[in-house]
Each structure stands twice: as C-alpha cells, then as structure tokens.
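Please keep the sequence and the structure open beside the text while reading.

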Amino acid sequence: MWEKVGGMYRKKPVMFKMAFSYIALGSFLISAFSVLLAERVSDDFAREIRKHSEETIYQSYTTADLLMNNAFQYFYQVFHDDPIVTEALYGRELDRIAIGRIHTRLNELLSFSPLVHSVYVYNFQDDLVFSTLSTASELDRFYDRTITQLLSKNDERRRWLVSRKTDFSIYGQRYDNDLITVIYSESTPDSFSHGALVLNLNQNVLQQLVNRGTDNKWSAAMIVDGDGTVISHPDPERFNANIRAEPYFQELKTSSAKTGHFLSTADGRSALVTFVKSDQLDWSFVGVTDYQGALGRVVFLRRFIYAIAGVFASLGVIAALVFTRRFYRPIHELLHQVLDPQSPSEGVRSLSEYDVISRSVDSMRSRISRLQTDLRQHLPESKKAMLLAMCRGERWNGEEAKIGSLQLSISEGDIRVSVIRLDGYSRLLERFGMGDVSLLKFAIANISEETMKGKAAAEIIEDAEDRITVLWNASGDVEAERIMEKIREHIEQYLKLSVTIGVGVAVHSFGEVRYAWNTAAQAANYRLVFGGGQTLKYEDIHAAEFRTYEYPLQCERFIVDALKSGNIGKVREAFEQFTDRIRSFRFDEVLLCLNQLMVITMRTAIEMVDDPREEWLMELQDAHNQLRRHDTLSEITEWYMSLASRIVTIRDRKATSRHEEQVDKLMELIHTNYPDPNLSVASLAEAVGLSTNYARKIFRDRMGQSISQYINDYRFRKAQEMLIHTELPANRIGELVGMNNASYFYVSFKRFSGKTPDHYRKAYRMDKGEETLAAER
C-alpha cells in the first residue's frame with residue numbers, strides 16, 4: 001500500500017504538495033474559528049451573567065422596597081392617627097384595662113408584614129414601655145437598653161433609623177437578632193420627646209427577600225445605606241459593617257444612574273457589581289458577583305481551546321512552510337535558467353515565480369500602458385499638487401526649479417488668491433448628494449475659468465469639500481474685486497447657487513502664496529457676521545474697527561431666564577440682542593461666544609427636561625455639530641429658536657404628564673379616604689408630596705373644580721348610593737361618608753341633589769315602584 005502511495009507521489013508530486021498545503025491551511029482556519037468561537041461563547045455567557053444579575057437584583061429591590069415603604073408609611077399613619085397608640089404614647093396613669101387594650105393593638109400590628117419583628121411604645125410621661133415581646137415595663141427596667149439610651153440622647157447624634165444586633169433575654173428566652181429599627185417621634189434633635197413608637201424589622205426576613213434568585217456561591221445580594229453601612233447581607237458577620245473603603249462602593253456612590261452595573265474589585269477579586277438605588281430611602285440594593293468564579297468553567301474551556309488551536313496553528317504553519325518551499329523550488333530553478341541571474345529585471349521581482357514566464361509579455365504591455373497614461377496625466381496632477389503645497393505652505397520635490405516644467409498659467413509678480421465657499425453646503429449635500437455636489441463644484445470652476453479668460457491668468461483647484469481656490473495675477477484692487485464679483489454673479493445666475501468669495505491680499509512670490517491664501521480664507525469666514533452671497537476683501541475687514549471682546553453675560557442670562565419660563569418670544573428677543581452685541585467682534589471671538597452660549601444652553605436644557613434617555617442626550621450633544629453647519633448669524637438665530645422650542649415643548653409635555661399622574665393620585669386618595677371626616681386638602685397634598693396651593697392649582701386645571709368641591713360631590717354620590725341600596729338612617733350615612741354633623745349633612749345634601757336625604761330615598765323608591773307597576777301592566 002505504501003509503495004503504491006509512493007509511486008503516485010513520484011508521478012504527481014505537485015498534486016500531493018498542494019493537498020498538503022490545503023491541509024495546513026485548513027488546520028490554521030479551524031484554529032482561528034475555534035478561537036473566535038471561544039470568544040463568542042465567553043462573551044455570551046458574560047452577557048447572560050450581567051443580565052441575570054440585573055434582573056435578579058431589580059426583582060429583589062422591587063419586592064423589598066415595596067414592603068419596606070409600606071411598613072414605614074403604615075406605621076407612620078398608626079403613629080399619628082391610631083387612638084390606642086396615641087393613648088399608649090401620651091396617656092397618664094393608665095389602668096389595666098387600658099394597658100390590655102394597648103397590648104392587644106400592638107400584637108395586631110405584628111401581623112401587618114412578615115418584616116415586622118417587634119413593636120415598642122415609649123411613654124416618657126408615665127415612665128412606661130409597651131412591647132409585643134413582654135408586658136408593660138418601667139422605663140429603667142426595659143430589656144432593650146440600646147433603644148432606651150438612643151431615645152434619651154437629646155442631641156444631633158440621635159438617629160431615627162438604626163441597623164443593629166440585639167442580644168437580650170425575656171422570661172428566660174434569649175433574643176439574638178439582627179434588626180433594622182425605625183423610630184417615630186414628634187420631637188426634634190434639640191427637644192424632649194414625650195413618646196416614641198419603635199418599629200423593629202427582621203433583617204433576616206429582609207435578606208431572604210433580597211436573596212431570591214441569587215442563591216449561588218458566586219453571588220451575594222446586600223443593602224447598604226449612603227454612608228456605606230451594610231443594612232442587610234447574607235453573611236451575618238457583615239451585617240452593620242462599613243464598606244465605605246471598598247472601591248466598588250466609591251464607584252457606586254459617585255454614579256448618578258439609578259440602576260446599572262460595572263466591573264470593579266471586591267475583597268481583592270474581580271467582581272461584577274449590579275445596583276438599584278431606592279427612590280424613597282438613601283439605600284442601594286447591590287449584587288456582587290465573583291466574576292472570575294462565575295466565569296471559571298468558561299475560562300477553562302477558552303484556555304483549552306486556545307491551547308488546541310495553538311497546537312493546530314503551529315503544525316499548520318510548519319507544514320505550510322515546508323511544503324510551500326518544496327513546491328516552489330522547481331519553479332525557482334527554472335526561472336534562473338530562463339533569466340539572466342546577474343541582472344534580473346524589476347518587473348520580475350514584483351511578480352510571483354509561478355507567473356513570471358506566462359505573464360512576462362503582459363507585464364511589458366502593462367508597463368507601456370502605464371507610461372503612456374503617465375505622460376497624459378502626470379502634468380495636471382503634478383500641477384495640482386504643487387498649487388496645494390503653495391497654499392498650505394508645504395515644500396515640494398524639486399521646489400522652484402520644477403515650476404517651469406509644470407507650465408503654470410500664473411507667474412510671480414502681483415499674485416492674488418480668492419476662496420470661493422458654497423453657502424449652505426450641508427443643505428446642498430442633503431438635497432443633491434455628494435456626487436451631484438461634486439458636479440456643481442466642477443461647474444463653478446468652469447464658470448470661474450471662463451469669466452477670467454482674457455482678463456487674468458488663473459489656476460483653479462478644489463482644496464476642500466465646500467471650497468474652491470483661485471490663484472491669479474491681478475492688475476489692481478479694483479480690478480480684483482470687480483472680477484470676483486462677476487464670478488459670483490455668474491454662479492448665482494447660471495447655477496442658482498449662493499457663494500461667498502473671500503479675496504486675499506496681493507503677494508509677489510510663490511513662497512508668499514500661503515499668506516495670501518490665509519487672508520482669503522479669513523475673509524470668507526466673515527460671512528458669519530456679514531451674511532453669505534457676497535464678495536469680501538481682507539483689506540476691508542482688516543481695516544474695520546472691532547469692539548474690544550467682552551462676553552455678553554447679561555444677554556446670556558436673559559436667554560436662560562426666558563428659556564426656563566418657556567417664553568419663546570422673549571428667547572428670540574434676547575438671542576437677537578446677543579447676536580447684535582457679538583456682531584462687532586472678530587470672527588474667532590464670535591465663535592467663542594456662540595460656543596459658550598451653547599454650553600450654557602445645554603446645561604439649562606438638561607435641568608429643564610430632566611430626561612436621562614439616551615436619544616435626548618445624544619440630540620443635545622449633537623447641537624454643537626449642528627451649530628457649525630450654519631453659515632450666518634441669521635441662520636443660527638432660526639436654528640437656535642427651533643432648538644429652544646424643542647426644549648420647551650419636551651419640558652411642557654413631561655410636566656403635563658407628571659401633573660396628570662399627581663391628579664390621578666389625588667383622586668385615588670379621595671376615593672379611598674372619603675369616609676375620614678378629617679380628610680383635607682392639606683393632608684392630600686402632603687400625601688403626594690405637593691404644596692397645598694400647587695395641588696389646588698393642578699387639580700382645578702385638570703378637573704375644572706376645586707379639590708374640596710370634588711370631595712363633597714364624591715361623598716354625596718356615595719351617600720345617594722347608600723340611601724338607595726341600604727336601610728341605614730340618613731345621619732348614619734352622613735357619618736359613613738365623612739360628615740359627622742347631621743345638620744350640615746342634611747343642608748349640604750339638599751343643596752347638592754335638590755332634596756333632603758329622606759325625601760331623595762322616598763322619591764327614588766316611589767319612582768321605582770311606578771316603573772314596576774307599569775311593567776306588570
């Protein structure tokens with residue numbers, strides 16, 4: 001068998017060598033694919049880890065934050081509104097019946113939430129402490145010394161939310177818990193409290209909520225406050241510890257985002273940190289994942305694939321080198337026999353050895369064709385390169401000695417440079433596209449050449465996307481300005497395009513062309529101040545008197561104030577005053593003022609809109625680029641007004657949406673709490689976080705009536721329903737809808753419905769009875 005294979009190899013060596021080369025190439029490609037696959041798997045797994053971490057921590061945050069806020073708000077209402085708790089807080093000389101009633105109520109409060117561990121009520125006037133864990137106790141004998149000492153502190157160090165460890169015994173039962181304690185008291189840090197309600201939340205239960213979905217050895221979910229104190233942690237040893245010095249906490253503290261993730265270090269190891277910041281509390285829900293541990297199997301797999309890929313790639317490269325060398329050796333020897341080894345041509349060196357013989361004739365034809373093309377194209381291309389080098393102040397090969405061979409139309413003496421700039425270039429690109437704009441520039445160059453023919457020798461080049469440069473020999477300032485103005489008129493007449501032409505100073509040698517070009521470009525830039533569609537001479541601009549630079553700060557303040565008030569008319573008036581002030585500055589100073597105003601405008605817009613969406617932030621960041629696309633101050637004014645209108649519109653839309661949500665919340669509270677006789681506009685406004693007057697305003701704007709009128713109307717509608725569907729007396733119905741004064745209820749109900757409550761019930765039932773009789777007939 002091996003003899004047959006050897007015989008075939010001797011008969012067809014090239015085929016075998018090519019096959020081995022392909023095998024080597026295939027090994028290399030397989031190795032490269034393996035590496036790419038490993039990277040892809042690693043990236044996908046890391047992305048899944050980040051996504052799972054974010055979803056888990058946000059779910060834990062939603063559940064825990066909801067329970068915590070509900071507990072805080074519920075016990076806040078209990079502290080202020082519950083009569084039994086009020087009696088426990090401030091009662092004097094309480095008897096056994098009252099004490100029993102208080103203990104019963106406190107034990108009822110325990111069932112509100114699984115988070116609640118225990119509840120204390122301190123009555124400092126009667127020197128008593130009530131607890132769900134024991135009977136009433138004298139203050140100095142109460143078992144929880146930590147809270148008693150904290151309440152006794154009458155200074156600014158007293159805290160109203162404390163995370164702590166407890167270890168005490170009651171009736172022989174030991175209580176060793178990690179608690180989060182909330183203290184409700186009417187006192188301020190510098191005053192004495194007559195009573196306090198103490199709510200103890202079970203940290204272990206809270207941690208179970210936080211740990212949902214994170215029960216693996218690589219992840220830990222915790223809660224930390226703004227000072228770095230650990231409120232909840234799966235490791236009891238970490239509870240109440242401070243992580244302020246940890247790098248990931250420092251990065252979390254400085255982040256302005258509400259949610260997110262980032263890579264940092266925790267306990268000296270690489271960690272993926274996912275966080276959600278609470279809206280109500282100065283707490284952050286943080287998930288810390290050991291990044292190296294979580295990716296351990298993927299890292300091992302990737303390293304294994306890299307190792308295998310490296311072996312295959314090395315073997316492939318070695319095999320390719322060996323067989324390629326053996327494959328090309330016969331061709332190389334044949335080439336030496338055909339060609340003169342002493343003087344090999346440059347064309348042969350540039351070709352592969354396989355193709356030298358078969359493509360030698362084609363190579364000679366190609367060289368001849370290139371030489372002919374160079375003869376036709378070399379002169380104009382070299383001339384353009386020379387002229388661009390003059391305008392840019394660069395040196396060129398051959399320098400002045402080469403100028404004579406390029407057959408330039410202009411000569412040293414009285415040399416002028418003019419710069420033709422297309423007005424509204426960005427709009428032209430959007431309208432026609434790059435190809436058609438290139439044709440327009442070609443047409444401008446032709447019109448310029450035809451206009452100057454017979455009047456002045458000229459060379460015309462395109463040196464930028466929106467700019468054409470004309471170098472020519474002038475015969476005086478008047479003649480120069482007249483010729484350029486004629487070119488501008490012809491472009492406007494035949495192409496219907498507006499251009500601005502800047503005319504530079506006259507120079508006398510090619511070495512000074514750079515200076516002439518600079519002055520022409522500067523003159524064209526002043527279209528920002530003087531407007532487009534003009535011929536601007538540098539000498540006229542240079543001789544003009546410009547005002548000393550002083551940024552118009554007062555105008556900027558007027559613009560910002562008008563923008564914040566949403567008065568677009570005032571914004572236009574203030575912006576026009578701003579542009580009038582800067583119009584008399586130099587060009588670079590005008591740009592400086594506009595850019596500074598844009599920075600202030602962007603800051604103001606971010607403050608007004610308060611919209612963290614990425615598309616809105618990108619739109620603001622693009623405003624600087626949009627500013628540069630406009631050629632004149634009048635165009636910039638119209639663009640700025642559209643930007644201001646956009647900012648005000650988005651701000652107003654968000655404000656309207658926010659007002660609707662607040663009014664809906666007020667109505668929901670009214671529908672829920674209308675039986676409460678103490679329900680007031682002030683309490684409703686406080687519940688939604690608004691001032692009383694502002695709550696009245698947005699409610700009237702939305703509903704067309706006052707909050708008080710809406711409350712009364714809703715109570716009367718509910719009273720009508722009870723009169724129809726129940727047998728309760730009218731005065732009792734008045735109490736159920738929040739009107740304890742029977743006389744006031746009767747009078748107000750009659751004013752609302754036109755009938756007294758009893759008359760309304762009788763009239764309804766009489767009408768119902770007549771309908772029933774009519775139906776029976």
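Of the 777 residues of the protein, 42% count as buried, and this figure, like every other one below, comes from a predicted model. The fold comprises 29 helices and 16 strands, and among the contacts with a separation of 6 or more, 62% are between residues 24 or more positions apart. The accessible surface amounts to about 43900 Å², with 53% of it belonging to carbon and sulfur atoms.

- Strand β15, which spans residues 499–503, has five of its five residues buried, so it is largely enclosed by the rest of the structure.
- In a regular strand the side chains alternate between the two faces of the sheet.
- In β15, Val499, Ile501 and Val503 point one way while Thr500 and Gly502 point the other way, and the residues of both sets are buried.
- Strand β12, made up of residues 415–422, pairs with β15 in the antiparallel sense over five bridges, and within this pairing Val419 of β12 has Gly502 of β15 as its bridge partner.

- Phe33, Leu37 and Val41 together make a nonpolar surface patch of about 280 Å².
- Val41 belongs to helix α2, which covers residues 13–81, and its relative accessible area of 36% places Val41 in the partly exposed class.
- Tyr76 is also found in helix α2, where it is partly exposed with a relative accessible area of 40%.
- Once its neighbours within four places in sequence are left aside, Tyr76 is in contact with Tyr184 and Glu686.
- The C-alpha atoms of Tyr76 and Ile183 are separated by 9.8 Å, although these two residues are 107 residues apart along the chain.

**Cysteines**

- A disulfide is a covalent bond between the sulfur atoms of two cysteines.
- A search of the whole structure for such bonds finds zero disulfides.
- Cys555 is buried, with a relative accessible area of 7%, and Cys593 also counts as buried, at 0% relative accessibility.

**Salt bridges**

- The count of salt bridges in the model comes to 25, taking a side-chain nitrogen of Lys or Arg within 4 Å of a carboxyl oxygen of Asp or Glu as the criterion.
- One of them joins the side chains of Arg105 and Asp82, with an N to O distance of 2.7 Å; because Arg105 lies in helix α4 (residues 96–110) and Asp82 in the loop between α2 and α3 (83–90), the pair ties together parts that are 23 residues apart in sequence.
- Both members of this pair are buried, Arg105 at 16% relative accessibility and Asp82 with a relative accessible area of 10%.
- The side chains of Arg629 and Glu430 meet in another salt bridge, at 2.3 Å from N to O; Arg629 lies in the loop between α22 (623–628) and α23 (633–673) and Glu430 in helix α12 (residues 425–432), so this pair ties together parts that are 199 residues apart in sequence.
- Arg629 counts as partly exposed at 29% relative accessibility, whereas Glu430, at 57%, counts as exposed.
- Asp701 and Lys697 also form a salt bridge through their side chains, with 3.0 Å from N to O, and both residues lie in helix α25 (residues 692–703), four residues apart, which is about one turn of the helix.
- Asp701 is exposed, with a relative accessible area of 56%, while Lys697 is partly exposed, with a relative accessible area of 49%.
- Elsewhere, salt bridges that share partners join Asp82, Arg105 and Glu108 into one network.

Key
Residues numbered from 1 in each chain as written. Predicted model: local features only at pLDDT ≥ 70, side-chain atom pairs only at ≥ 80, totals over all residues. Heavy atoms only, no water. Buried < 20%, exposed > 50% of the residue type's maximum accessible area, 1.4 Å probe, protein only. Helix = DSSP H or I, 4+ residues; strand = E, 2+ residues; numbered from the N terminus. Pairing = 2+ DSSP bridges. Contact = heavy atoms within 4.5 Å. Areas by Shrake-Rupley, 256 points an atom, 1.4 Å probe, with all protein chains shown as cover. Patch = residues over 30% accessible without salt bridge, like charges linked within 9 Å, V, L, I, M, F, W, Y side chains within 5 Å. Disulfide = S-S within 2.5 Å.
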